[in-house]
Amino acid sequence: MQLAVLPGDDIGPEITVATLDVLAAVKRHFSLDIGVEHHAIGLESLKQSGATLTEAVFAAAREADGIILGPVATAIYPPADKGGINPSAYFRKNLDLYANIRPARTFGRATQRVSAFDLVVVRENTEGFYADRNMTAGDADILVTPDVAIAIRKVTREASTRIAEAGFRLARARRRRVTLVHKANVLKRSDGLFLDACRAVAADYPDVNVDDVIIDAMTAHLVRDPGRFDVIVTTNMFGDILSDLAGELAGSLGLAGALNAGATHAVAQATHGSAPDIAGQDRANPMALIRSLGMLLHWLGERHGAANFIAAGRAIEEAVGATIAAGETTPDLGGRIGTKAVGRIVAGRVARTASAA
Ligand code: ATP
């Protein structure tokens, strides 16, 4: 199997190096047949080839079995007509990565800010308020006059149905509970449609418990009693915000791994951004991207019926947990270890998990 590795901007290259250390360890210890190819994206690619994502790199990544995408500094990219393509959005749209799976869980008292929890935000990834994803031409964040702006949000039954299906499938492999998060009391038609489509899917999963919560109340519930949630299914922007909140409540955004998955492609991508404030200092937490790699291996294992890939994904998650429990962490989690060293430590633990199995 071939993985395309795109390190990205700011802390991207540092956390990618640490993640590749872990990949090398699981390859060796779980006999994974994986080849790795590197491609420049972001500001490095802009310098080299005039665009933050070139057609050639996109084509190579599309051909790969899986993609590891580092964070990107889109806020400082030039406009699209000057080569500033948002790689993350481009992959989501052009590979139809409709499900953004963002787990968040506490790892004992070492990290958590609230009571213990273990949940997954399943975020619709192809429409909603994301202006670059919901129009055939042009974008949906419109300046009508210099003083009037309108943003258009798209919600379809098709996209709502498939994200709900992804959430209910996942719930069956977990604690069988789905919470639908929305604002249907105000956005009666758009969120009403989302809710309606999700409830229709729920009818096919009588073994899964379902409830729904309004987004504003949800933020309070998440802080007060996060342990009651298992799988949270929601629209694009609510999912983006809720998953950052859940990630930080679990200890640090630097822990928040994620997978962007469609029917045929998946991209391992941390929830956090490129963190320019700590770039180049060997203090970024690589665990979010490392855990995203674990999710990608799990996804590949399920897709190709390869038990060793699934075992490798689990071993990464266990090794991350044990490393946090040992206090061998970057400063965001109160530790004093650098990015590279955390990568090496997690890689070492993966090796031990494998030999114990
Ligand atoms: P974006 O809009 O792309 O999400 P942002 O600058 O708003 O970017 P982040 O880059 O995620 O948001 O950074 C938010 C805060 O979290 C920053 O203070 C950053 O240093 C911190 N942070 C993000 N990722 C990590 C990480 N891997 N390790 C440690 N701290 C991190």
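Student: How many salt bridges does the count give between domain 1 and domain 2?

Tutor: In this predicted model, the count between domain 1 and domain 2 is one salt bridge. To read such a pair, one looks for a side-chain nitrogen of Lys or Arg within 4 Å of a carboxyl oxygen of Asp or Glu. Here the side chains of D96 and R162 meet in this way, with 2.9 Å from N to O.

Student: Which parts of the chain make up domain 1 and domain 2?

Tutor: The domain assignment gives domain 1 as 1-98 + 263-357, and domain 2 as 113-249. Taken over C-alpha atoms, the centres of domain 1 and domain 2 are separated by 25 Å, and the contact takes seven residues from domain 1 and 13 residues from domain 2.

Student: How should I read the area that domain 1 and domain 2 bury between them?

Tutor: Buried area is what two parts lose in accessible area on being put together, summed over both. For domain 1 and domain 2 this comes to about 910 Å², with 42% of it on carbon and sulfur atoms. On the side of domain 1, the residues that lose the most area to domain 2 are R92, K93 and Y98, which together account for 65% of what that side buries.

Student: What is found in polar contact across the interface of domain 1 and domain 2?

Tutor: Four residue pairs are found in polar contact across that interface, both residues of each pair being at pLDDT 80 or more. Sorted by class, the side of domain 1 that touches domain 2 has three nonpolar, one polar and three charged residues.

Student: Turning to the ligand, which residues lie around it?

Tutor: The residues around the ligand include I11, L253, H272, G273, N285 and D332, and by class the shell has five nonpolar, five polar and two charged residues. For polar contacts, one looks for N or O atoms within 3.5 Å. A polar side-chain atom of H272 lies 3.2 Å from a nitrogen atom of the ligand, whereas G273 places a backbone N or O atom 2.6 Å from a ligand oxygen atom. A polar backbone atom of N285 is 2.9 Å from a nitrogen atom of the ligand. Taken alone, the ligand exposes 620 Å², of which the protein buries 59%.

Conventions:
Residues are numbered from 1 along each chain as its sequence is written. This is a predicted model: local features need pLDDT of at least 70, side-chain atom pairs count only at pLDDT 80 or more; totals for chains, interfaces and linings use all residues. Side-chain values use heavy atoms; hydrogens and water are left out. Domain bounds come from an automatic or database domain assignment. Contact means heavy atoms within 4.5 Å. Buried area is the accessible area (1.4 Å probe) that two parts lose on being put together, summed over both. A polar contact is a pair of N or O atoms within 3.5 Å; within protein, one must be able to donate a hydrogen and the other to accept it, and residues adjacent in sequence count only if both atoms are side-chain atoms. Ala, Val, Leu, Ile, Met, Phe, Trp, Tyr, Cys and Pro count as nonpolar, Asp, Glu, Lys and Arg as charged, and the others, Gly among them, as polar. A residue is near a molecule or strand if one of its heavy atoms lies within 4 Å of it. Accessible areas come from the Shrake-Rupley method with a 1.4 Å probe; for residues, only the protein chains shown count as cover.
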